[in-house]
Amino acid sequence: MANKIKVVEKTPGIHLGYSVTSERITFTYGEDELTVKVSAKERDEENMIDICLDADGGLINGVAEKSRKYAAQVVIPPRRYVEQESEQRNEDGETVMVPVPVPFDMALCTLILWGMEE
């Protein structure tokens, strides 16, 4: 799987630095760094991860009372499945098909970067 992600610069300005692996995104801002295992956040419905700056200029995961600037959002599409035959049979003796998750693919996610003022 490629270490790529779709990137959208939502607003102009200074954006967080980031690096991407097949499962994680590491955000950087000044001396601070925050790594999020995006693959662990994949669900059966679309999921989003919010990244903010706190009052001290540190990176935090989520929007909380201590959040001061909204910096980025990761949009994770719903988990995909393929049907595979199982060893089970139904009442008619036919093979039962079961959904099996497709491996996570970072290239299907979108990173939205929000411009921040100095």
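**Exercises on side-chain pairs and strands**

Tyr70 is partly exposed, at 30% relative accessibility. The term has cut-offs: buried is under 20% relative accessible area, exposed is over 50%, and partly exposed lies in between (1.4 Å probe, protein chains only).

The model is predicted, so local features need pLDDT of at least 70 and side-chain atom pairs pLDDT 80 or more, while totals for chains, interfaces and linings use all residues. Residues are numbered from 1 along each chain as its sequence is written, and side-chain values use heavy atoms, without hydrogens and water.

**Exercise 1.** Find the partner of Tyr70 in an aromatic pair and describe the geometry.

Step 1. Search the whole structure: there is one aromatic pair. Rings of Phe, Tyr and Trp (its six-membered ring) pair if their centres lie within 6.5 Å; planes under 30 degrees apart are stacked, over 60 edge-to-face, the rest tilted.
Step 2. The partner is Trp114. The centres are 5.6 Å apart and the planes stand at 75°, which makes the pair edge-to-face.
Step 3. Tyr70 is in strand E7 and Trp114 in the segment after strand E10 (110-113), 44 residues apart. Strands (E, at least two residues) and helices (H or I, at least four) are DSSP runs, numbered from the N terminus.
Step 4. Check Trp114: at 25% relative accessibility, Trp114 is partly exposed.

**Exercise 2.** State which parts of the chain the salt bridge of Arg79 and Asp44 ties together.

Step 1. The two side chains meet at 3.4 Å, N to O.
Step 2. Arg79 lies in the loop between strand E7 (67-76) and strand E8 (81-89), and Asp44 in the loop between E4 and E5, so the bridge ties together parts that are 35 residues apart in sequence.
Step 3. Arg79 is partly exposed at 26%, and Asp44 is partly exposed at 48%.

**Exercise 3.** Is Glu42 buried or exposed, and what does Glu42 contact?

Step 1. Glu42 lies in the loop between strand E4 (32-37) and strand E5 (47-54).
Step 2. Glu42 has 11% relative accessibility, so Glu42 is buried.
Step 3. Set aside neighbours within four places in sequence. Glu42 then contacts Ile76, Pro77, Arg79 and Phe104. Contact means heavy atoms within 4.5 Å.

**Exercise 4.** Describe how strands E3 and E4 are joined.

Step 1. E3 (residues 24-29) and E4 pair antiparallel, over six bridges. Pairing needs at least two DSSP bridges.
Step 2. Ile25 stands opposite Val36 in E4.
Step 3. The strands form a hairpin with two residues between them. Gly30, in the turn, has a positive phi of about 60°.

Terms used:
Salt bridge = Lys/Arg side-chain N within 4 Å of Asp/Glu carboxyl O.
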